[in-house]
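This report describes the surroundings of two residues in a single model. The sequence and structure are shown first.

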Amino acid sequence: MAMRPPVPVPTLSRRAKLVIGVVAVLLVLFTVIGTLTNVYVDYLWFDETNYTEVFWTEVQTRALLFAVAGVATGGLVALAIQLAYRFRPTFRPMSLEQQNLERYRQSVEPRRKLVLTAVGVVLGLFAGFTAQGSWQTWLTFRNSTDFGQTDPQFGKDISFFVFDYPFYRLVLGFGFAIVLLALIGSLLTHYVFGGLRLQTPGQKLTGAARVQLSVLLGIFLLLKSVAYWLDRYGTVYSGRGNVYTGASYTDVHALLPAKNILVFVAAICAVAFFANIFFRNTVLPAAALVLLLFSSLVIGVAFPAIMQQFVVKPSADQREAAYIERALGSTRDAYGLSDVQYVDYGSNGSGSSTPTSADLAADAGTISNARLLDPNVLQATFLARQQIRNVYGFPQKLDIDRYTIDGKTQDYVVAARELDSSALSGNQTNWINQHTVYTHGNGFVAAPANQVVSGEAGGEPNFTTGNLPTSGNIPVEQSRIYYGELLNVNGADEYSVVGAPSGASPREFDQPESGSQGQVNNTYDGKGGVSVGSFFRQLTFAIYYRERNFLLSGAVNDNSKVLYVRDPRQRVEKAAPYLQVDGDPYPAVVGGRIVWIVDAYTTSDAYPYSSLQSLGEATTDSLTGTGTSALPNDQVNYVRNSVKATVDAGDGTVTLYAFDATRPDPLLRTYEKAFPGTIQPESAITDELRSHFRYPEDLFKLQRDVLTQYHVNDPQDFYNANDFWQVPSDPTENTTNAQPPYYVLSQRVGEGNSTFQLTSALNALNRENLSAYMSVSSDAATYGQIQVLQLPGNTQFRGPKQVFQSFNTNSKVRPDLTLFDSSSSRPVFGNLLTLPIGTSGLLYVEPLYVAGTGENAFPLLQKVLVNYGDRVGYANTFAEALDQVFGPGAGDAAADSGTGGTTTPAPTSPTTAPSTGTAAPTTTPPTDSVGGSAGSAALDAAVAQIRDALTALATAQRNGDFTGIGQAQAALQRAVEAFQAASGQSAPARPTG
């Protein structure tokens with residue numbers, strides 16, 4: 001048979017080659033310049049913050065893994081292909097198959113070295129990029145620290161599973177990939193060059209091809225034997241038990257023996273393939289493969305399935321009991337829930353037993369500190385009263401912290417007055433103004449969480465610290481805020497260029513000038529920032545930000561610095577990429593300086609027998625994304641708040657503190673060995689800084705989610721989901737998302753002093769009744785101590801949603817809600833707090849704000865709602881609401897503290913909002929709105945007239961009767977004047993407009 005003539009190889013013209021070459025060089029050049037610029041700017045940031053140890057350790061580790069994996073994968077696969085080519089047959093039988101392959105051989109042969117190099121490089125790059133992403137796996141393996149605890153099945157230290165096992169799996173995975181790629185490359189090469197003849201009569205494999213393929217398959221089976229051995233340890237992550245994680249009855253009694261057997265079966269099969277090198281018989285390796293396949297199906301799959309179906313399932317709660325106990329203990333250990341204090345609470349039933357005056361006096365630490373200011377509602381109020389200039393702003397969610405002033409500890413709603421880049425408008429947004437003039441915020445604002453202002457500004461927070469320059473009861477010496485949460489516009493880093501030549505006038509806007517329309521400017525003098533005084537640095541940042549003004553603008557001078565990565569959370573994430581950062585940084589004044597406190601976690605997904613949780617899902621609540629950052633949906637089964645970080649708002653200094661003295665964390669010890677000198681010891685934390693540490697919300701939310709199931713001790717009850725709890729949905733929002741936990745300053749059951757706590761109610765599973773109340777202390781002496789009040793299951797305690805519904809449907813509350821919900825105002829419910837009172841009761845407290853509907857409207861506190869058992873209090877002050885629920889004098893403790901000091905502003909027409917856009921104030925007089933008496937016939941008559949007028953007004957509004965609305969408003973005004981005359985108050989001025 002005549003051979004076909006060779007196919008001519010197409011060639012490119014000289015000009016085409018030149019153009020392609022130039023384009024390729026330019027693409028490579030731009031890519032290299034961009035990459036090097038990004039790396040260099042990154043390095044400058046680490047150098048500025050003194051975290052170059054982190055930078056170089058990460059870079060070197062990534063480079064090492066990239067090189068090892070890339071060279072191993074690309075090199076070994078290329079070697080296998082080269083060997084297949086090297087031992088190709090010199091003569092090939094003439095057949096149609098070989099003639100068809102000849103054209104490919106002729107195409108590849110002239111470019112053989114180029115093709116082989118390209119295959120090795122491409123595979124090496126893919127492998128290198130994949131491996132370098134596992135840099136933390138290598139670092140933790142190399143620097144592993146023992147846990148001092150062993151798993152109950154294999155007796156190995158927990159560190160083997162957390163640090164070693166993931167690395168062994170990583171190496172094994174690359175081993176499989178290399179062998180498979182080498183096998184595929186060898187098969188293709190042998191086929192193209194005649195060593196493998198699928199369609200040619202006679203011998204199908206040459207001797208060289210048989211030897212190479214036998215060796216590769218033998219190595220693959222050896223790796224499979226190792227994989228079976230590691231699979232034994234993987235049973236500690238098994239989900240076969242369905243309701244728990246870890247080795248189940250079937251895993252221990254069926255799967256583990258099967259894996260042990262398969263280890264030897266796979267090894268024997270590997271020997272059979274190696275033997276094929278000498279015996280030249282395909283029957284032996286074929287029989288070995290059949291044996292392995294049969295064994296894996298029968299021993300590894302069928303036998304465990306039969307045991308699960310016919311031995312375990314009929315009595316699973318008993319068979320799995322011992323293994324459920326392992327999961328319970330390990331999960332609690334992994335999430336820091338081993339030392340939870342459980343207290344039987346609520347023995348008096350649903351709270352129908354009214355506390356006495358002595359009981360309430362004993363709980364004065366709770367009553368007097370009941371929080372009426374909701375930090376999630378008051379951003380607009382803070383903006384209206386403390387923004388000062390449009391360039392300033394406050395986060396959507398304000399924060400709660402506590403300060404001890406004159407010997408008294410008080411919780412405050414706090415916020416830093418930051419630069420809000422998104423609020424710049426007009427000429428403020430040009431490059432000069434946005435990046436060199438408006439560079440920072442200024443000031444710290446605080447208001448006691450249980451007080452509001454009386455008089456004309458009734459319902460507003462009592463700002464005890466604020467204004468510009470910052471003044472008040474919290475002394476602030478350095479109030480400038482160059483680093484904050486609002487300096488991250490749509491996820492993009494908002495940089496500033498600061499610094500001025502010697503003797504030059506300051507150009508950075510600092511604050512308005514007192515008593516005039518002018519402004520005070522400032523020049524940044526902090527140690528933070530990267531110098532851009534040289535032309536090379538200016539060129540670098542011009543390329544990095546694609547901004548020519550770094551080279552052309554006179555605002556960039558020899559003393560200039562660039563401030564970038566200015567969000568506190570992002571700075572900590574960058575300085576410690578091995579930590580998971582909490583979604584809610586908060587400001588605190590420490591040593592006269594404003595610092596951001598950021599909680600950071602060590603996490604793992606490899607703790608044996610511990611339940612896996614989705615970090616993002618477990619920490620999501622109704623407030624996530626509104627001033628707080630959502631955590632990624634990473635799967636974790638171990639978490640510790642082992643690092644507290646601070647970011648100086650003035651100069652950006654990032655400091656990491658170890659925080660695991662009470663519960664040593666092997667992960668933190670491992671990272672400290674990997675990044676020496678980057679984490680300060682816990683002894684470096686000052687008492688003042690420690691006094692502002694809060695138990696982090698994200699950790700608490702994750703723990704409460706785990707605790708809804710893992711509080712159960714009895715394995716059979718756990719298996720049957722008996723007495724499980726669930727996190728209630730937020731009743732104040734139209735959402736099914738979880739109710740957020742709340743910070744409160746209150747007494748814990750069994751304690752006499754108030755502590756700063758993070759708290760949450762817990763409902764019965766799939767019901768709205770309350771089952772438990774969870775709290776954790778943030779005070780230094782008792783930090784991290786979790787207490788759970790368990791309510792009796794034979795009584796019905798109202799949960800948050802049921803209490804909220806009772807507020808909305810109350811006959812005294814509903815008319816006001818109708819009144820507030822008008823064209824000029826709207827009601828805004830604050831956080832619904834749950835507070836344990838006495839030895840058996842739960843007090844619910846919720847502030848009710850009213851906000852105008854105008855453009856600059858902001859909410860004002862108008863009413864306080866209280867629930868205890870089946871009784872509802874609704875009044876202008878917390879003290880009055882307590883009197884309604886518990887009787888006269890019950891609110892004395894609240895009134896003395898300031899919690900009850902909410903005074904009713906002068907009533908105005910409910911349909912006319914003040915010109916500032918604030919809420920129309922309530923018209924309900926300060927009497928017992930649940931049925932109390934005003935104390936005189938005149939007052940009683942006035943109250944009756946007001947209620948009649950409100951009812952008439954509500955009816956007219958529902959019917960759209962504008963004439964009736966006007967008449968009802970007039971009647972309401974007369975009734976209010978009559979009430980004030982009877983009570984000795986001055987009559988209110990009628991609103992204008």
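Which residues does threonine 602 touch, not counting residues up to four places away in sequence?

## Threonine 602

In this predicted model, threonine 602 touches Leu579, Tyr638, Val639, Arg640, Ser642, Asp665, Leu667, Leu668 and Tyr671, with residues up to four places away in sequence left out of the count. Threonine 602 itself belongs to strand β20, which covers residues 593-604.

Threonine 602 has a relative accessibility of 0% and is therefore classed as buried, the limit being under 20%. One of its contacts, Asp665, also takes part in a polar contact: the side chains of threonine 602 and aspartate 665 meet at 2.5 Å.

## Asparagine 557: position and burial

Asparagine 557 is found in a loop, between α17 (549-552) and β17 (561-563). Its relative accessible area is 10%, and because buried means under 20%, asparagine 557 is buried.

## Asparagine 557: contacts

Beyond residues up to four places away in sequence, asparagine 557 touches Gly499, Ala500, Pro501, Val532, Gly533 and Gln538. Among them, valine 532 is 25 residues from asparagine 557 in sequence, with a C-alpha to C-alpha distance of 7.7 Å.

The side chain of asparagine 557 makes polar contacts with backbone atoms of two residues. A polar atom of this side chain lies 3.4 Å from the backbone oxygen of glycine 499. The side chain of asparagine 557 also reaches the backbone nitrogen of asparagine 559, at 2.8 Å.

Note on methods:
Residues are numbered from 1 along each chain as its sequence is written. This is a predicted model: local features need pLDDT of at least 70, side-chain atom pairs count only at pLDDT 80 or more; totals for chains, interfaces and linings use all residues. Side-chain values use heavy atoms; hydrogens and water are left out. Helices (H or I, at least four residues) and strands (E, at least two) are DSSP runs, numbered from the N terminus. Buried means under 20% relative accessible area, exposed over 50%, partly exposed in between (1.4 Å probe, protein chains only). Contact means heavy atoms within 4.5 Å. A polar contact is a pair of N or O atoms within 3.5 Å; within protein, one must be able to donate a hydrogen and the other to accept it, and residues adjacent in sequence count only if both atoms are side-chain atoms.
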